[in-house]
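Me: Hi, could you walk me through this one? I have a few quick questions.

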Amino acid sequence: MSWLSDKFSSTLSGGPSKESPSWQWFYRLGSPRWFYQRSGQWLPWLSLVALLVLATGLVWGLAFAPEDAKQGNSFRIIYIHVPAAFLAQSGYFIMAIAGAIGLIWKMKMSYMVMKAAAPIGAVLTFIALFTGAVWGKPTWGAYWVWDARITSMLILLFLYAGVMALQYAYHSVDAASRASAILALVGTVNIPIINKSVDWWYTLHQPATIKLTSAPSMHMDMFMPLLVMIVGFYLFYAVALILHTRNEILRRERKTSWVRELVTAKAGG
Amino acid sequence: MHPLRKQRLQLVILLVVSAALVIGLVVYMLRENGNFFYTPAQIVSGEAPKSTFLRAGGMVVDGSVMRSDDSLWVQFKITDGAEMLTVEHTGILPDLFAEGEAAIASGKVDENLVLQATQILAKHDEKYTPPEVADAMNAAYKAKQEDKKEQGGSYK
């Protein structure tokens with residue numbers, strides 16, 4: 001891997017000024033200070049909307065949606081399980097893309113987003129695995145089986161853990177970011193495997209209920225709250241990612257004047 | 001795009017493509033081994049290994065479930081539409097185990113082509129329906145079946 005990191009670390013290319021104006025917005029997004037200030041304005045609203053959508057979806061799904069003919073009430077775990085599994089995979093893409101942007105543009109902000117995405121994704125993956133196990137016992141008769149879907153999901157958890165571990169494996173923040181980004185990018189191959197595992201192999205896990213190409217194989221009264229929960233989880237993910245990223249900004253930029261001013265202003269006020 | 005960044009972008013793409021290639025080959029190699037269970041047709045045709053631990057999956061045949069009066073012994077047949085396989089098991093069955101539903105049995109196939117199962121798992125499908133809708137659908141299905149029977153009878 002050393003040849004790779006050599007390549008990636010070789011000389012910082014010219015700053016934003018040499019790029020065409022169409023790239024300006026991209027570089028502004030890359031400024032930790034700009035991101036910190038802007039996200040501070042969005043955060044209360046975004047959190048409020050996320051909370052409302054999640055509360056609506058939860059009450060609708062857990063209390064008002066009809067029970068399943070075969071599974072009874074135990075099917076309701078789908079309202080946590082499926083959104084968590086969705087976001088565990090989408091979140092991995094976000095982490096890997098942030099890593100790629102970091103590698104290509106040497107953008108610090110992007111590496112911070114990547115670092116922030118890892119623990120959130122890991123927790124969501126764990127929630128998907130845990131709720132699956134709780135549902136599996138009464139439905140299948142086993143908490144855990146080594147079928148392709150469940151095993152590939154466990155690998156996703158290990159990939160997240162690997163990215164988190166690499167962040168602490170180096171003294172230099174730059175080296176840690178590069179190593180994590182490379183692992184995150186290699187791991188993206190696992191996402192289509194998770195997705196397609198139920199079609200490629202005979203698995204105990206059932207195939208997808210929600211498909212892009214056809215109507216969901218679920219009654220509308222049960223599907224609508226699930227849709228609300230998925231949107232809610234996306235919003236919650238955005239909130240969590242912004243919060244973690246802001247933390248990381250403060251930590252990494254702690255020696256800059258604007259963070260010092262911010263801290264003294266907070267302490268004074 | 002700056003040439004250096006372009007070069008790094010190409011490296012990133014190369015990295016992802018080569019990783020996909022390597023893992024793709026591993027997945028391709030796994031093909032059959034990645035399966036969680038064999039189908040009854042694979043077992044009956046001898047494609048599945050004999051006298052080793054394996055799993056068989058299929059739909060529980062309607063009316064094939066026989067239980068013992070004084071023990072937890074149960075016998076049933078599973079099918080994949082092509083072949084049938086007899087399964088014997090002593091133990092508690094999962095709640096969702098039922099005739100006409102999918103189940104996975106793990107154990108060894110004996111010389112009489114009977115799977116002596118140590119564990120039975122119920123496999124749930126991806127469909128979710130409220131009870132009223134399921135009842136209505138079942139009633140409609142039964143009415144249709146009886147219609148067919150009556151029609152069949154009238155020809156005789």
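Reply: Happy to! Let's begin in β3(B), where B:Gln75 is the bridge partner of B:Met66. The model is a predicted one, in which local features need pLDDT of at least 70, side-chain atom pairs count only at pLDDT 80 or more, and totals for chains, interfaces and linings use all residues. Residues are numbered from 1 along each chain as its sequence is written, while chains are lettered from A and ligands numbered from 1 in the order in which they are written.

Me: How many bridges join β2(B) to β3(B)?

Reply: Two bridges, with strand β2 (residues 66-67) of chain B running antiparallel to β3(B). Strands pair here if DSSP finds at least two bridges between them. A hairpin of five residues links β2(B) to β3(B). As for the names, helices (H or I, at least four residues) and strands (E, at least two) are DSSP runs, numbered from the N terminus.

Me: And what does β3(B) do with β4(B)?

Reply: β3(B) and strand β4 (residues 84-90) of chain B run antiparallel, joined by seven bridges. B:Lys77 has B:Thr86 as its bridge partner in β4(B). The hairpin of these two strands has four residues between them, and B:Gly81 there takes a positive phi near 100°.

Me: Which strand does β1 of chain B pair with?

Reply: Strand β1 (residues 54-60) of chain B pairs with strand β3 (residues 73-79) of chain B, antiparallel over two bridges. B:Met59 stands opposite B:Thr79 in β3(B).

Me: OK, zooming out. What's the order of elements in chain B?

Reply: From the N terminus, α-α-β-β-β-β-β-β-α, which is three helices and six strands.

Me: What is the radius of gyration of chain B, against a compact globule of 156 residues?

Reply: Chain B has 24 Å, whereas such a globule would be near 15 Å. That radius is taken over C-alpha atoms, and the globule rule is 2.2 Å times the number of residues to the power 0.38. The C-alpha atoms of chain B fill a box of roughly 80 × 40 × 35 Å along the principal axes.

Me: Where do the domains of chain B fall?

Reply: Domain 1 is 3-33 and domain 2 is 36-123, with bounds from an automatic or database domain assignment. Their C-alpha centres in chain B lie 40 Å apart.

Me: Switching to chain A: is A:Arg149 buried or exposed?

Reply: A:Arg149 counts as buried because it has 23 C-beta neighbours inside 10 Å. The cut-offs are 20 or more other C-beta atoms within 10 Å for buried, 12 or fewer for exposed, and partly exposed in between, with C-beta atoms placed from the backbone. A:Arg149 sits in helix α6 (residues 148-167) of chain A.

Me: Which residues is A:Arg149 in contact with, leaving aside neighbours within four places in sequence?

Reply: A:Ile194, A:Ser197, A:Val198, A:Thr203 and A:His205. Contact means C-beta atoms, placed from the backbone, within 7 Å. A:Pro207 is 58 residues from A:Arg149 in sequence and 9.6 Å away in space, C-alpha to C-alpha.

Me: How many buried residues does α10(A) have?

Reply: Zero among its 12 residues, so α10(A) is hardly covered.

Technical notes. Contact = placed C-beta atoms within 7 Å.
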